[in-house]
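Me: I would like to learn how to read a model like this one, feature by feature. Could you take me through it, giving the general idea and then the case at hand?

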Amino acid sequence: MIYSIPILKRVIVFGSSGFIGSALSRYLPKMQGVDVLGYSSSDCDLLDHQNVANALEICDGQTSLIVCSAISPRREDSWPAMVRNIEMVHNICELCLIHI
């Protein structure tokens, strides 16, 4: 089966300082015409609605989001880490409804 990749104009990468996010942040700008804006956890706290809203202000129908950000369960108990990771994704999805 052949999949077509949509033409990307702008990409926001949450978690751009991690292993996968940093690789994507380096690779995507090499694609012609793709603007990449990367956020690490120190740049944008995904648990904070206002931080996420500010990051999504530039979103339009031509913007793609890649979420590689996660709170590692090694730093804290696995249950609270999982709940916080779900809250981060919830914040992004909730605010995408407003900004996109």
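Reply: What follows is a dialogue about confidence, fold, sheet, cores and single residues.

Me: What kind of model is this, and how are its residues numbered?

Reply: This is a predicted model, in which local features need pLDDT of at least 70 and side-chain atom pairs count only at pLDDT 80 or more, while totals for chains, interfaces and linings use all residues. Residues are numbered from 1 along each chain as its sequence is written, and side-chain values use heavy atoms, with hydrogens and water left out.

Me: What is the mean pLDDT of the protein, and which elements have the lowest and the highest values?

Reply: The pLDDT is the predictor's confidence in each residue, from 0 to 100. Here the mean for the protein is 86, and 89% of its residues reach 70 or more. Among the elements, α3 has the lowest mean pLDDT, at 89, whereas β2 has the highest, at 94.

Me: How many helices and strands are there, and in what order do they run?

Reply: Helices (H or I, at least four residues) and strands (E, at least two) are DSSP runs, numbered from the N terminus. In this protein there are three helices and three strands, and from the N terminus on they follow the order β-α-β-α-β-α.

Me: How do the strands pair, and which of them stand at the edges?

Reply: Strands of a sheet pair through backbone hydrogen bonds, either parallel or antiparallel. Two strands are taken as paired if DSSP finds at least two bridges between them. In this case the three strands form an open sheet in the order β2-β1-β3, with parallel pairing. Because β2 (35–39) and β3 (63–67) each have a single partner strand, they stand at the edges, and one side of each is left without a neighbour in the sheet. From one strand to the next the twist averages 15°, with angles running from 0 to 180 degrees between N-to-C directions of axes that are lines fitted to C-alpha atoms, for helices over the stretch in contact. Strand β1 (residues 10–14) pairs with β3 in the parallel sense over five bridges, and F14 stands opposite V67 in β3.

Me: Which helix lies across the strands, and at what angle to β1?

Reply: Contact means heavy atoms within 4.5 Å. Helix α2 (residues 49–56) lies across β1, β2 and β3, and runs at about 160° to β1.

Me: Which residues of the largest nonpolar core touch the most other members?

Reply: A nonpolar core is a set of buried Ala, Val, Leu, Ile, Met, Phe, Trp, Tyr and Cys residues joined through side-chain atoms within 4.5 Å. Buried means under 20% relative accessible area, exposed over 50%, and partly exposed in between (1.4 Å probe, protein chains only). The largest core has 16 residues, of which F14, L46 and L56 touch the most other members. Each of β1, α2 and α3 (78–99) supplies at least two residues of this core, and α3 gives the most to it, with five residues. Apart from it lies another core of five residues, among them L8, V11, L28 and V34. Across the protein, buried residues make up 31% of the 100 residues.

Me: Which residues form the salt bridge, and where do they lie?

Reply: A salt bridge is a side-chain nitrogen of Lys or Arg within 4 Å of a carboxyl oxygen of Asp or Glu. The structure holds one salt bridge, in which the side chains of R10 and D60 meet at 3.5 Å, N to O. This pair links distant parts of the chain, with R10 in strand β1 and D60 in the loop between α2 and β3, 50 residues apart. R10 counts as partly exposed because its relative accessibility is 24%, and D60 counts as partly exposed because its value is 31%.
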